Amino acid sequence: MNRMALRALLGAALLAFGTASFAAIDTYAFETAAEEARYKALIDELRCPKCLNTNLSGSDSPISADLRRTVATMVQAGKGDEEIREYLLARYGDFILYRPRVMPATYVLWFGPALLFLLALVFVARLVLRQREEAVPAPLSPEEQAALERLSQAVGENSKA
Amino acid sequence: MSRTSLFLPLGLFLLMAFMLWRGFALNDPHELPSALLNQPLPDFQKTRLADGAPVARQDLLGAPFLLNVWATWCPTCKAEHAELNRIAARYAVPLVGVNYKDDGPAARAWLARYGDPYRLSVVDEDGSLGIELGVYGAPETFIVDGNGIIRYKRVGAVDRRVWEAEIRPVLRNLGLALEEPPA
């Protein structure tokens, strides 16, 4: 009996909170599955202008709902992905794009990681080369050389005697 | 290790300090650079809040004006309303409202209660004009010049400081006299 009550409670809790992770559940009728896929891809990579870190599909804010509707209408009207992005870009600026355009202001963003990786490679290469050099014993200095010769002469005379 | 490479950590530190300094100097990450600056005011066909008469972009042009996006559901709009009333009463600059995603009767009652600073309010019930304007949070205020080009955009409340430091100079540059009325 107790178990039944617990199950009922769990079920109710699931019903109440289970939808929280699906903010965007608007239903738009698309003619083809491809259009629907394009719509989903677009709202996943477009950013909610009101929120700092949510895409259109993940946001509950009214502006996101409006923009999802705009995107859906444009997809249904047969507009291309690039056209839709341009449309929103012209109104909301680069903020709306989660995938930043390649332009001078974003060069660091796009090419920085590759550059850092190259730098790291150079650094590691230099380190390895240096260690190899250190593994070869250093040549003797003239004084050391002289001392060695003296000693080996002395040893040679001793062994003769 | 050569002597100069000893300065590498110092260089890294300075680089990081510079980037953090720049990063934290962005005072408000919510503030989006406006994409519409120096772009023409978008075309629209809407109705007037007061009487439902049609109003289009063409009807607004001719002289510089302030375009203010507002709604009764927006608390900040209420906060800036007194300042808008003051501006409308004291200065010779027309204000045009965009009643954004609002309920018509509620909006009219609101203006009757708190005063109406607007020459007219455009009804944008579905928010489509808002999207054309790149609105993402009411209130937003635009300055549109006589040729219909957007010269300034502000997201958030207009208060005395914003009026004096930002809006008024732009309007002056557009040739509005904006004389202080005689006390």
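Q: How many residue pairs are in polar contact across the interface of chain A and chain B?
A: The rule finds 5, both residues at pLDDT 80 or more. A polar contact is a pair of N or O atoms within 3.5 Å; within protein, one must be able to donate a hydrogen and the other to accept it, and residues adjacent in sequence count only if both atoms are side-chain atoms. This is a predicted model: local features need pLDDT of at least 70, side-chain atom pairs 80 or more, while totals for chains, interfaces and linings use all residues. Side-chain values use heavy atoms, without hydrogens and water.

Q: What makes the pair A:Arg91 and B:Glu132 a salt bridge?
A: Their side chains meet at 2.9 Å, N to O. The rule asks for a side-chain nitrogen of Lys or Arg within 4 Å of a carboxyl oxygen of Asp or Glu, so the pair qualifies. The count between chain A and chain B is 2 salt bridges.

Q: Which element gives the most to the side of chain A that touches chain B?
A: α3(A), with 6 residues.

Q: What do the buried residues of α3(A) pack against?
A: In chain A, α2 (33-45) and α4 (81-92); in chain B, β4 (95-100) and α5 (128-132). Buried means under 20% relative accessible area (1.4 Å probe, protein chains only). A:Leu67 and A:Val71 are among these buried residues.

Conventions: Residues numbered from 1 in each chain as written. Chains lettered and ligands numbered in written order. Buried < 20%, exposed > 50% of the residue type's maximum accessible area, 1.4 Å probe, protein only. Helix = DSSP H or I, 4+ residues; strand = E, 2+ residues; numbered from the N terminus. Contact = heavy atoms within 4.5 Å.
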